[in-house]
Amino acid sequence: MRAMVLDKAKLPLQARDVPKPKPGRGHLLVRVNSCAVCRTDLHVVDGELSNPKLPLILGHQIVGRVEEIGEEAHSKFQIGDRVGIPWLGWTDGECVYCRSNRENLCDRARFTGYTIDGGYAEFTVADARFCFHLPEHYNDVDAAPLLCAGLIGYRSYRKTGNARCLGMYGFGNAAHLIAQIALYEGRDLFVFTRPGDVKTQQSAKALGAKLAGGSDEMPPEKLDAAIIFASVGPLVPAALHALAKGGIVVCGGIHMSDIPSFPYADLWEERVITSVANLTRRDGEEFFEIAPRVPVRTHTETFPLEEANVALDRFRAGKLKATAVLLVNPN
Ligand SMILES: [Zn+2]
Ligand SMILES: [Zn+2]
């Protein structure tokens, strides 16, 4: 099968013919239709995440069709079903985290497109227990960005509880999706971008944000919660400084530059800083239930599989107009 393969960090992916994988017990062989590109893919290619499987097939926002099912008495999928494959690929089900409904923190978790092969290829195999049925509302291209930007963004959003004034720092793919849910649920949304990025600020306002400005600005009222979507450490003290008492700053990314020091007074009065790691299957089920009701709209820009490096380079340079989605076996 055709695949784009990462041999080593900091090298471009190589277009290569590799053997088609075989589904083990409980696994699905999936013919990949589309796979969205995530910032995490960029972090892996750029060597910012340690110990990826190598050589590696990237990609953890996969939409495809079940082609074959590894031996299993009952599967929630049938041959021909459409399936979504997310970042969380496997957990042991028995560690202290798994047994306390925190499988996102599993000690032995495996991740699609990082520690197991993902969707930058014609076929992939995935543990059926971690795959999702996707809402009919979305076609194969529009559904792909929901599988990470949507799911992990949603987990970040849920950590903000019922915050009325919600800040978002960075307004990329995940923020754009989650802002739609926040507005649907009646939150007052304040968006902060790179200072001077008027275009992004306008798109946030067009979506319904009460205010959109530079991250060096303070909101007109204190925030009950803030989600940081950009991988920029100095945004943490900036967001913290804008919080009301008891507020929370949620860092939504897997990687961030170092966080500068800040006065304790900014954390005092029960303010909280937390990160969000991975996702649980429950996050996915909840998100796919609410997304078509909003309905959350995705904006995409498509590339053929073979142009994965072009998509990654444009992502790194900030030159994508929307979420990049690789077309693998388009319908
Ligand atoms: Zn576990
Ligand atoms: Zn991702």
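Buried means under 20% relative accessible area, exposed means over 50% and partly exposed lies in between, with a 1.4 Å probe and protein chains only. The model is predicted, so local features need pLDDT of at least 70 and side-chain atom pairs count only at pLDDT 80 or more, while totals for chains, interfaces and linings use all residues. Residues are numbered from 1 along each chain as its sequence is written, chains are lettered from A and ligands numbered from 1 in the order in which they are written, and side-chain values use heavy atoms, with hydrogens and water left out.

**Entry 1: zinc ion, ligand 2**

I looked up what holds the zinc ion (ligand 2), and its donors are Cys-38 (SG), His-60 (NE2) and Cys-148 (SG), at 2.0 to 2.2 Å. Donors are N, O and S atoms within 2.8 Å of the metal (3.2 Å for Na, K and Ca); water is not among the atoms, so sites may look incomplete. Helices (H or I, at least four residues) and strands (E, at least two) are DSSP runs, numbered from the N terminus.

Cys-95 is buried at 9% relative accessible area, and Cys-106 is buried at 7%.

**Entry 2: strand β3**

I then asked why β3 counts as largely enclosed by the rest of the structure. Eight of its 10 residues are buried, so the rest of the structure largely encloses β3. I checked its partners next; two strands pair if DSSP finds at least two bridges between them.

- β3 and β8 run antiparallel and are joined by five bridges; His-27 stands opposite Asp-127 in β8.
- β3 and β4 are antiparallel, with seven bridges; Val-30 has Val-66 in β4 as its bridge partner.
- β3 and β16 (residues 323-327) run antiparallel with three bridges; Cys-35 has Leu-326 in β16 as its bridge partner.

**Entry 3: Thr-112**

I found Thr-112 in the loop between β7 and β8 (123-127). Thr-112 is buried, at 4% relative accessible area. A polar atom of the Thr-112 side chain lies 2.6 Å from the backbone oxygen of Pro-86. Leaving aside neighbours within four places in sequence, the residues in contact with Thr-112 (heavy atoms within 4.5 Å) include His-60, Pro-86, Trp-87 and Asp-117.

**Entry 4: Leu-279**

I placed Leu-279 in the loop between β14 (272-275) and α7 (281-290). Leu-279 is buried, at 1% relative accessibility. Not counting residues up to four places away in sequence, Leu-279 touches several residues, among them Pro-86, Trp-87, Phe-132 and Arg-155. I also looked up Met-218, 61 residues from Leu-279 along the chain, and their C-alpha atoms are 31 Å apart.

Terms used:
A polar contact is a pair of N or O atoms within 3.5 Å; within protein, one must be able to donate a hydrogen and the other to accept it, and residues adjacent in sequence count only if both atoms are side-chain atoms.
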